[in-house]
Amino acid sequence: MSRMVLRVAQIVGVLLLAGLAISVVVGLVQWLLGAALIVSIPLGAWWLYRRVKARDGARPAVTGRPADRRSELESRAVIDAAGRCGWCGSAGLHKDEFGFPVTPLTYHRAEIDAML
Ligand SMILES: [Zn+2]
């Protein structure tokens, strides 16, 4: 009878040790996952920041030239020193479809946009 109790106690001890080992392993894995998560959040944020910054840095290089072209064309659609339109050379005031005087820039807006 004592042998049986000893055997049961042995099994219980082995099971307890196994459970302890499993819980240690699980705890270690959880800790590693947590640590990986904690490390990956700032790393991911930094990576995203780099991606966004690189894209922002590349954008003006692509759109910078059309913007320069636009301002260059718009600077031509002004009344020059002789009172003429710098865009079409007309000496008269530009008028819209209602007969109201408009600036050369407004009047030639569609042509400027078409040339961009
Ligand atoms: Zn004009």
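Ile112 touches Leu73, Glu74, Ala77, Trp87 and Leu105, leaving aside residues up to four places away in sequence; contact here means heavy atoms within 4.5 Å. The model is predicted, with local features needing pLDDT of at least 70 and side-chain atom pairs counting only at pLDDT 80 or more, while totals for chains, interfaces and linings use all residues. Residues are numbered from 1 along each chain as its sequence is written, and side-chain values use heavy atoms, without hydrogens and water.

**Nonpolar core**
- Ile112 also belongs to the largest nonpolar core, whose five residues include Leu73, Ala77, Cys85 and Trp87.
- Such a core is a set of buried Ala, Val, Leu, Ile, Met, Phe, Trp, Tyr and Cys residues joined through side-chain atoms within 4.5 Å.
- Buried means under 20% relative accessible area, exposed over 50%, and partly exposed in between (1.4 Å probe, protein chains only).

**Arg109**
- Arg109 lies in helix H3, residues 109–115; helices (H or I, at least four residues) are DSSP runs numbered from the N terminus.
- Because its relative accessible area is 29%, Arg109 is partly exposed.
- Beyond neighbours within four places in sequence, Arg109 contacts Arg70 and Glu74.
- The side chains of Arg109 and Glu74 are joined by a polar contact of 2.6 Å, a term for a pair of N or O atoms within 3.5 Å, one able to donate a hydrogen and the other to accept it within protein, where residues adjacent in sequence count only if both atoms are side-chain atoms.

**Asp56**
- Asp56 is placed in helix H1, residues 2–76.
- Asp56 is partly exposed because its relative accessibility is 38%.

Notes: Helix = DSSP H or I, 4+ residues; strand = E, 2+ residues; numbered from the N terminus.
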